Amino acid sequence: MQHTPAYAPPIGGNPQKLVNWLMSVAFLVFLIVIVGGITRLTESGLSITEWKPVTGALPPMNEVQWVSEFEKYKKIPEYLEINGPAGMTLTEFKFIYFWEWVHRLLGRVIGLAFALPLAWFWIKRQIPAGYHPRLMALLALGGLQGTIGWWMVSSGLSQRTDVSHFRLAVHLLTALFIMAGLIWTALDLRALAQSGVRKAARLTGFSLTILLILFIQLLFGAWVAGLNAGYVANNWPLMNGKLYPEGVDWSQGAWFALTHDPFLTHFIHRWWAWVAVAALVIMARRLKKLGARRVSIAIHSAFGTQILLGIATVMTGMNITLAVLHQAVGALVVVSTVWGAHRLGSIGDYK
């Protein structure tokens, strides 16, 4: 049932154009999440040891520049303690440099793909009233994400051979939050384009609970990646023959074990997944009862595929293709859940 307000001021412009733009940027964020997973799995993240937002857009253009970049990399602990003793060659360095460069380049592309159209829509007065602050907040988050990325990388340049798993989690979760914000805003604008009603969907308490449960799963997933905890067991449902794994280090306290121990974080990520599945099933069934069948199917498909990929990734000893797909479908779980939360907050206003 649609609710028609007593007075609906002119929308101005074509909100559907903004929908297409925001969904395109959200897709680019989805791509950078995938590339970020490849960067992590290939241990490429520390290959570029400087942050040059403008001049860094160009890779080394000749052999002298490549050697210069390699010499910079040779000064950090990852090379001194791991890749140097392993005999890394310049060709091998070029491979890891490529993935980190692509990751950073895609970040720059996303920034331009959001900022330039935003400026054009703003100047042309194509942005509906009430959406300017939200779009500016998304722009600011995008800029902050670049800073977070360098903050993460810098944690592995002096005393560590890897980046901080806490900073890695912040970087990944911020990317997913930006993607969710882009999609939510696009869905609000789509509703505006369809009905002319200026009423944004609200985030219900039920949906917030589901998203919190999913957030915990994503957080532990990021920690598993940052701690290389996926490698501690390659069987399922048991971990090295035990339901609860041997090897958890409690010597520095429960909190330290919960946030640092690879066996425990892997164990929690495995089994909290089923809490998330139960929550998503409840959400999907509620949506189906309310007539949002497509959203319900999307949620079931996303988490079903994700569970299978997670198990397959573990049982293949962290096969890189499966691991990247696991991260990609994890992002799709976020997309479908945000879509579901939006529909629950707007059903009755548009269909």
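1. Helices here are DSSP runs of H or I with at least four residues, and strands are runs of E with at least two, numbered from the N terminus. Gln-306 belongs to one such run, helix H10, which covers residues 293-315. Gln-306 is buried because its relative accessible area is 14%; buried means under 20%, exposed over 50%, and partly exposed in between, with a 1.4 Å probe and protein chains only. Apart from neighbours within four places in sequence, Gln-306 is in contact with Leu-325, His-326, Val-329, Gly-330 and Val-333, where contact means heavy atoms within 4.5 Å.

2. Basis of the model. This is a predicted model, in which local features need pLDDT of at least 70 and side-chain atom pairs count only at pLDDT 80 or more, while totals for chains, interfaces and linings use all residues. Residues are numbered from 1 along each chain as its sequence is written, and side-chain values use heavy atoms, with hydrogens and water left out.

3. Confidence. The average pLDDT of the protein chain is 92, and 95% of the residues score at least 70; pLDDT is the predictor's confidence in each residue, from 0 to 100. Residues 1-10 have a pLDDT below 50, and this stretch makes 12 contacts in the model beyond near neighbours in sequence.

4. Nonpolar core. The largest nonpolar core holds 99 residues, and those with the most contacts inside it are Trp-21, Phe-93, Phe-114, Leu-176, Met-179 and Leu-182. Such a core is a set of buried Ala, Val, Leu, Ile, Met, Phe, Trp, Tyr and Cys residues joined through side-chain atoms within 4.5 Å. Helix H6, residues 165-195, gives the most to this core, with 16 residues. When neighbours within four places in sequence are left aside, the contacts of Met-179 are Ala-26, Val-29, Phe-30, Ala-331, Val-334 and Val-335.

5. Helix H5. The 23 residues of H5 reach 33 Å from the first C-alpha to the last, close to the 33 Å expected at 1.5 Å a residue; the expected span is 1.5 Å times one less than the number of residues. Its buried residues are Leu-135, Leu-138, Gln-145, Ile-148, Gly-149, Met-152 and Val-153. The buried residues of H5 pack against helix H1 (15-41), H4 and H6.

6. Helix H9. Helix H9, residues 262-289, has 28 residues and spans 41 Å between its first and last C-alpha, close to the 40 Å expected. The N-terminal end of H9 is capped by Asp-261, a side-chain oxygen of which lies 2.9 Å from the backbone nitrogen of Phe-263. Gly-291, with a positive phi near 95 degrees, follows H9.

7. Arg-134 is partly exposed at 26%, whereas Asp-188 is buried at 2%. Another joins Lys-94 to Glu-63, with the closest N and O atoms 3.4 Å apart. Lys-94 lies in H4 and Glu-63 in H2 (residues 63-73), 31 residues apart. Lys-94 counts as partly exposed at 26% relative accessibility, and Glu-63 is partly exposed at 44%.

8. Further salt bridges. Lys-242 and Glu-246 meet through their side chains in a salt bridge of 3.8 Å, N to O. Salt bridges with shared partners also join Glu-50, Lys-52, Glu-69 and Lys-72 into one network. Lys-242 is partly exposed at 38%, while Glu-246 counts as exposed at 57%.

9. Backbone geometry. Most residues other than glycine have a negative phi, and most peptide bonds are trans. The peptide bond from Trp-236 to Pro-237 is cis, with omega near 10 degrees, and Pro-237 sits in the loop between H7 (205-226) and H8 (254-260). Glu-43, which is not a glycine, has a positive phi of about 55 degrees; Glu-43 is in the loop between H1 and H2 and is partly exposed at 29% relative accessibility. Arg-125, also not a glycine, has a positive phi of about 55 degrees. Arg-125 lies in the loop between H4 and H5 and counts as exposed at 72% relative accessibility.

Terms used:
A polar contact is a pair of N or O atoms within 3.5 Å; within protein, one must be able to donate a hydrogen and the other to accept it, and residues adjacent in sequence count only if both atoms are side-chain atoms. A salt bridge is a side-chain nitrogen of Lys or Arg within 4 Å of a carboxyl oxygen of Asp or Glu.
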